Amino acid sequence: MTPKRKQRLIFVMVLIVGFGAAIGLALFAFQKNLLYFYSPSQIASSEVEKGQMFRLGGLVVEGSVVRESDGITTQFDLTDTAGSITVRYTGLLPDLFREGQGIVAQGKINQKGVFVAQEVLAKHDENYMPPEVAEALKEAGAKHPVSIPKTTIN
C-alpha cells in the first residue's frame with residue numbers, strides 16, 4: 001500500500017467514525033427529548049415510571065378543581081372515564097381550562113403519585129378534543145362528554 005493510499009484510507013476511516021459519532025449523539029439527544037402520551041388508566045396500570053417526563057391527557061373531573069391560597073397553584077383530577085389521576089399545577093391556566101374540558105398536561109409523577117404538571121394545554125374551543133385525549137377516551141370506552149355545550153353556526 002502506497003503512502004498516498006494509506007493516507008486516504010485513514011481519512012475515510014476518520015470520516016466514518018465522525019459521522020457515526022454525530023449520528024449517535026443526535027439519536028441520544030432525540031431519545032432524551034421524546035415525550036410520550038399516556039392516559040390516566042395507563043398510569044393506573046403502572047406503565048409509567050416515577051420521575052419520567054411525559055404528556056397526560058383526559059377530561060378535567062367536574063367538582064375537582066381546587067385553587068390553593070397562593071392563587072397560582074391548582075389541583076384537579078383528570079380522567080379518561082376508566083381511571084383518574086390527581087394533577088397539580090403551579091402557574092396560570094389557559095383561558096379555556098374548565099371542568100369537563102379535555103386537556104393535555106406535560107410533567108411527571110412525584111413520589112406521592114400526584115402528576116406535577118409543568119405545562120397545561122387547553123388551546124381549543126368547546127367542541128374540539130385533542131386527538132390523544134379522544135383516542136384515550138375511545139380506548140376507555142367513553143366518548144366526548146355531552147355536558148359540554150355545543151355551539152352552532154347560524
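Predicted model: local features only at pLDDT ≥ 70, side-chain atom pairs only at ≥ 80, totals over all residues.
There is one salt bridge in this structure, a term that here covers a side-chain nitrogen of Lys or Arg within 4 Å of a carboxyl oxygen of Asp or Glu. The partners are Arg 88 and Glu 68, whose side chains meet at 2.5 Å, N to O. The pair ties together distant parts of the chain: Arg 88 sits in strand β5 and Glu 68 in the loop between β3 and β4 (73-79), 20 residues apart. As a general point, side chains of opposite charge can pair when their charged atoms come close.

Residues are numbered from 1 along each chain as its sequence is written, and side-chain values use heavy atoms, with hydrogens and water left out.

Now the overall fold. The protein chain has three helices and seven strands, and from the N terminus the order is α-β-α-β-β-β-β-β-β-α. Helices (H or I, at least four residues) and strands (E, at least two) are DSSP runs, numbered from the N terminus. Of the 154 residues, 29% count as buried; buried means under 20% relative accessible area, exposed over 50%, and partly exposed in between (1.4 Å probe, protein chains only). Residues 24 or more positions apart make up 53% of the contacts with a separation of 6 or more, contact meaning heavy atoms within 4.5 Å.

Here is how some individual residues score on burial:

| Residue | Relative accessible area | Class |
|---|---|---|
| Ser 64 | 12% | buried |
| Ala 117 | 6% | buried |
| Val 12 | 41% | partly exposed |
| Arg 88 | 29% | partly exposed |
| Glu 68 | 31% | partly exposed |

Two strands pair if DSSP finds at least two bridges between them. β7 pairs with β5 (residues 84-90) in the parallel sense over three bridges, and with β6 (residues 102-109) in the antiparallel sense over six bridges. Phe 115 in β7 stands opposite Val 87, and Ile 109 stands opposite Phe 115 too. β6 and β7 form a hairpin with five residues between them, and Gly 113 in the turn has a positive phi of about 85 degrees. Leaving out residues up to four places away in sequence, Ala 117 touches Val 87, Arg 88, Tyr 89, Ala 105, Gln 106 and Gly 107. That list includes Arg 88, the salt-bridge partner of Glu 68.

Over to Ser 64, which lies in the loop between β2 (54-60) and β3 (66-67). Its side chain reaches the backbone nitrogen of Asp 77 at 3.1 Å. Setting aside neighbours within four places in sequence, Ser 64 is in contact with Gln 75, Phe 76, Asp 77 and Glu 99. Gln 75 also turns up in a distance to Ala 117: their C-alpha atoms, 42 residues apart along the chain, are separated by 9.9 Å.

Finally, the surface. The chain's accessible surface comes to about 10200 Å², with 58% belonging to carbon and sulfur atoms; areas come from the Shrake-Rupley method with a 1.4 Å probe, and for residues only the protein chains shown count as cover. Phe 11, Val 12, Leu 15, Ile 16, Phe 19, Ile 23 and Leu 27 make a nonpolar patch of about 740 Å². Patches are made of residues with over 30% relative accessible area and no salt bridge, with like charges joined within 9 Å and nonpolar side chains (Val, Leu, Ile, Met, Phe, Trp, Tyr) within 5 Å. Val 12 belongs to helix α1 (residues 3-32).

Key
Polar contact = N/O pair within 3.5 Å; in protein donor to acceptor, adjacent residues only side chain to side chain.
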